Amino acid sequence: MQISADTTGPRVRGWIIPISFGAALLLMAMPLPTWAVPYRPDWVGIVLIYWCIAVPHRVGAGVGWSVGIVMDVMQFTLLGQNALSKTVLGFLANQSHLRIRMYPMWQQCTAVFLLLSIDIGLVTWVHGVAGNIKVGWSAWWPAASSMLIWPWLFIILRDARRRSYIC
Amino acid sequence: MSISVGLMIIDHRSENLSYFRSAVALAVKPLYEMSALPARLGAWVDRASRSHMDVREQYDRLRGEQIVLKSRLQKLEALEAENRRLNRLLAASRKVGEEVLLAQLVEVSLDPFTRKVLVNRGVRDGAYSGQPVIDPDGVIGQITHATLFTSSVTLLTDQSHAIPAQIRRNGLRVVVYGLGVPDRLSIPYLAQDADIRDGDILVTSGMGGRFPPGYPVARVTEIVKDPNEPFLGVTGMPVARLDYTRDVLLVWQVVPDDADPAQDEPDTGNGQAEAASDVAVQGANDGG
């Protein structure tokens, strides 16, 4: 048991984090039926939150910035818009990682909702400053759907993390 | 954080970051490809499961359509040659022709707050930022970012999009704004007594120099006449099938070389070839 774990361990060790971010970006770009688009969870946001509270010494504002820039390029938004909001998200999640870790699941969901609300608020704010795009309250649906996804994502990523011995 | 704010300001004000964008876009191209996979798989299954008879039927229908269109094109070519002659008589300074390139939509979803799509042509194919994009029915929008292999097209219905147009019936000039919702456009700033009717077709006017004139943009669907308002409330619907189309055309405006008098002479001789490529000969104005 121990031996097999040691042989598979190092191979996946560092890779699970970039792989999970890649999968999140894929899910972000995946086409959905038109009615479902406003409800698409902020996959990148919740994956970032997870790693920020699970391994705060590895993932934080810097990683948030890099992922945000990739998001900006992929979605052809104003360059730096998602980078800014994800930097703030990473920072806030890092700051409160000890508290969020201790929360029961439903409270964690609320915390995720709050963090993503701040993220969305920043994005809409930049939209408002840069172009004259008016965004209604429907912009906050992703925060709600991400909150519902969070427990499952948390379990999946936690198992993945334990398997690849990242701590 | 200040880096991202700085980037945003630079990106908002200038085009300097397009190289950076292109480089990162190249790196994430595999991600695009992978995220488009399910949709492509669906399309493939659809195609593979279609029966031979269906294909046969469609082939026959398209053939018939092509014959009709070709016969119409003949007439159009004759008209075009005539038009060119008349233009020369009128000493019109110049006429602009267009060239097109077929592009396909890539099935990925972009920023949900804007109405944009991705096409599989980029700088490598000559696409440029600000290029008009049309489909067989009318104008779709324009390219806003061109990277090496892909470009993003901002649709007519995007909130930040406006296009100069005119009513085909009487030439009244209007500006058509996007509203950020599918299949609705707004035509503001029309006086209460403006001559606009339900069902009017709006075509590009060519003002502003970005879109070539004459392409259908929208059909007027609703006119609200409220005496308390200074302007008419006019709503339209895009003529192009923005949300359904998969094949679009990128348009290049070909401005003929003004300082080439030799072009003027052999007009009637190779009229066919010229009409086919639709490279318009520059008008008279040659002074001799």
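Trainee: At what angle do the axes of H3(A) and H8(A) cross?

Mentor: The crossing angle is roughly 50°, and the axes come within 10 Å. Here H3 covers residues 43-54 of chain A and H8 covers residues 141-163 of chain A. The two helices are therefore oblique to each other.

Trainee: Which residues make that contact?

Mentor: H3(A) contributes A:Gly45, A:Ile46, A:Tyr50 and A:Ala54. From H8(A) come A:Ser146, A:Ile149, A:Trp150, A:Leu153, A:Phe154, A:Leu157 and A:Arg161. By class, the residues of this contact are 8 nonpolar, 2 polar and 1 charged.

Trainee: H8(A) also packs with H7(A), I gather. What is the angle there?

Mentor: It is about 150°, and the axes of H7(A), residues 105-130, and H8(A) are 9 Å apart. The crossing of H7(A) with H8(A) is right-handed.

Trainee: Which side chains should I look at on each helix?

Mentor: On H7(A), the contact residues are A:Met105, A:Gln108, A:Cys109, A:Val112, A:Phe113, A:Leu116, A:Ser117 and A:Ile120. On H8(A), they are A:Pro142, A:Ala143, A:Ala144, A:Ser146, A:Met147, A:Trp150 and A:Pro151. This contact has 12 nonpolar residues, 3 polar ones and no charged ones. A:Ser146 and A:Trp150 of H8(A) take part here, and they are also among the residues that H8(A) places against H3(A).

Trainee: Now for H4(A) and H5(A). How are they arranged?

Mentor: H4(A), residues 61-75, and H5(A), residues 81-95, have axes that come within 7 Å and cross at roughly 155°. That makes H4(A) roughly antiparallel to H5(A). The crossing is right-handed.

Trainee: And the residues involved?

Mentor: Among them are A:Trp65, A:Ile69 and A:Met71 of H4(A), and A:Lys86, A:Leu89 and A:Phe91 of H5(A). The whole contact divides into 9 nonpolar, 8 polar and 2 charged residues.

Trainee: Let us turn to chain B. Which domains does it have?

Mentor: Domain 1 of chain B takes in 2-49 + 98-155, and domain 2 takes in 162-239. Their C-alpha centres lie 27 Å apart. Between the domains, 9 residues of domain 1 are in contact with 12 residues of domain 2.

Trainee: Which strands supply the domain 1 side of that contact?

Mentor: Strands E3 (132-134) and E4 (139-146) of chain B each supply at least two of its residues. That side of domain 1 of chain B has 3 nonpolar, 3 polar and 3 charged residues.

Trainee: How many residues are in contact between chain A and chain B?

Mentor: There are 31 residues of chain B in contact with 33 residues of chain A. On the chain B side, the elements giving two or more residues are helices H1 (2-13), H2 (18-27) and H3 (29-49) of chain B. The chain B side comprises 17 nonpolar, 9 polar and 5 charged residues.

Trainee: What scores does the predictor give the complex?

Mentor: The ipTM is 0.74 and the pTM is 0.73. Chain A has a mean pLDDT of 85, with 90% of its residues at 70 or more. Chain B averages 78, with 84% of the residues scoring at least 70.

Trainee: Where does the pLDDT stay under 50?

Mentor: In chain A, residues 1-9 stay under 50, and the model has 2 contacts beyond four places in sequence for them. In chain B, residues 258-288 stay under 50, with 40 such contacts in the model. Where pLDDT is low, the predicted coordinates should not be read in detail.

Note on methods:
Residues numbered from 1 in each chain as written. Chains lettered and ligands numbered in written order. Predicted model: local features only at pLDDT ≥ 70, side-chain atom pairs only at ≥ 80, totals over all residues. Domains from an automatic or database assignment. Contact = placed C-beta atoms within 7 Å. Helix = DSSP H or I, 4+ residues; strand = E, 2+ residues; numbered from the N terminus. Nonpolar A, V, L, I, M, F, W, Y, C, P; charged D, E, K, R; others polar. Axes fitted to C-alpha atoms, helices over the stretch in contact; angles between N-to-C directions. Parallel < 35°, antiparallel > 145°, perpendicular 65-115°, else oblique. pLDDT = per-residue confidence, 0-100. Left-handed = near helix turned anticlockwise from the far one by under 90°.
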